[in-house]
Amino acid sequence: MSIINYKFFTTPDKRRRRFRTILLLMERMSKNGIDIKFTICDNIYMNIAIYILSALTMVAGTATAVLYQTRRNVGALIAKMLAAVLFVIAGIIAFSVRSASETMCALILAGLFPALGGDWFLAVKEIAPDEKRDYRNFALGVICFGIAQILYLLAFLADAEFRFVPAFIPLIVLPLFCTLISLLTKQIHIEKKRLPFVVCYGLLLGTTLAMAASRYYLNPTTGGLIAMIGAAAFVLSDMSLACFFFADKIKDRRFFNFPVMILYFGAQVLYILAMIF
């Protein structure tokens with residue numbers, strides 16, 4: 001409609017009301033645009049915070065290994081708990097700006113808390129004054145990590161819509177197979193009272209790895225790849241931990257603290273990054 005026709009068919013009052021309506025809509029669109037810009041900026045800052053906290057987690061984790069290597073177990077406990085607190089904070093921030101599904105991210109975040117508890121018990125184990133407390137802290141630590149693995153497993157299972165590729169079943173028994181070979185060749189020695197914890201936790205590790213691999217196969221995303229690498233790092237870390245705890249033939253097992261800590265904290269960081277990819 002031309003300007004002449006528009007003026008002809010409308011009264012001045014209607015034109016003023018419509019003009020005010022247009023101005024109001026433009027104002028709202030402008031505000032929404034500003035809000036969107038603020039949201040984008042906030043997400044960028046949050047992601048930067050996650051990367052910084054992840055890097056600090058790895059630094060503290062490496063420092064933990066160094067302190068164990070130099071027999072400073074109390075200092076190692078402090079550094080290890082600092083790393084654990086850092087990855088929990090990073091996980092909380094990652095959940096707030098998540099790109100992956102809410103259910104998966106919530107379960108991963110929930111798993112970080114029992115993992116922090118497991119870190120505490122296994123760190124205290126290294127300064128336990130007697131065998132009874134050593135065993136108690138070992139058992140509590142494995143239970144905490146077992147709960148964390150169950151939550152991680154459920155996270156990947158839910159995100160895959162409860163689908164699983166049978167070809168990845170061998171991964172479930174991989175940790176147990178390696179443990180069995182080490183026992184048969186007498187490379188490691190595990191007390192009978194600790195063996196059930198090792199077997200059950202090994203099954204959980206393998207199942208989580210198999211589920212992460214199956215999830216990535218069904219939906220090959222960057223986040224899925226990151227999570228699968230994280231699950232593999234968990235398995236390698238705990239294999240190194242088994243050598244540290246049970247490889248009696250090795251005179252100085254402290255060196256295993258480096259792969260244990262670097263792979264373990266790396267796995268937690270990768271799970272956190274999987275939330276935002």
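The structure is a predicted model, in which local features need pLDDT of at least 70, side-chain atom pairs count only at pLDDT 80 or more, and totals for chains, interfaces and linings use all residues. Residues are numbered from 1 along each chain as its sequence is written, and side-chain values use heavy atoms, with hydrogens and water left out.

**Overall fold**

- The chain has nine helices and zero strands; these are DSSP runs numbered from the N terminus, with helices (H or I) of at least four residues and strands (E) of at least two.
- Of the 277 residues, 41% are buried, where buried means under 20% relative accessible area, exposed over 50% and partly exposed in between (1.4 Å probe, protein chains only).
- Among contacts with a separation of 6 or more, 76% are between residues 24 or more positions apart; a contact means heavy atoms within 4.5 Å.

**Nonpolar cores**

- The largest nonpolar core holds 70 residues, of which Ile50, Phe87, Ile108, Tyr152, Phe156 and Phe234 touch the most other members.
- At least two residues of this core come from each of α2, α3 (73-96), α4 (102-125), α5 (131-159), α7 (195-218), α8 (222-246) and α9 (257-276).
- A core here is a set of buried Ala, Val, Leu, Ile, Met, Phe, Trp, Tyr and Cys residues joined through side-chain atoms within 4.5 Å.
- A second, separate core of five residues includes Phe168, Ile172, Ala210 and Ala213.
- Not counting residues up to four places away in sequence, Ile50 touches Ala90, Ile93, Ala94, Val97, Ile272, Leu273 and Ile276.

**Surface patch**

- Ile44, Tyr45, Ile48, Ile52 and Leu56 make a nonpolar surface patch of about 490 Å².
- Patch residues have over 30% relative accessible area and no salt bridge, with like charges joined within 9 Å and nonpolar side chains (Val, Leu, Ile, Met, Phe, Trp, Tyr) within 5 Å; a salt bridge is a side-chain nitrogen of Lys or Arg within 4 Å of a carboxyl oxygen of Asp or Glu.
- Areas come from the Shrake-Rupley method with a 1.4 Å probe, and for residues only the protein chains shown count as cover.
- Tyr45 lies in helix α2 (residues 12-69) and is exposed, with a relative accessible area of 56%.

**Two threonines**

- Thr208, in helix α7, is buried, with a relative accessible area of 1%.
- The side chains of Thr208 and Gln149 make a polar contact (3.3 Å), defined as a pair of N or O atoms within 3.5 Å; within protein, one must be able to donate a hydrogen and the other to accept it, and residues adjacent in sequence count only if both atoms are side-chain atoms.
- Thr179 lies in helix α6 (residues 169-184) and, leaving aside neighbours within four places in sequence, contacts Ile188, Ile190 and Val198.
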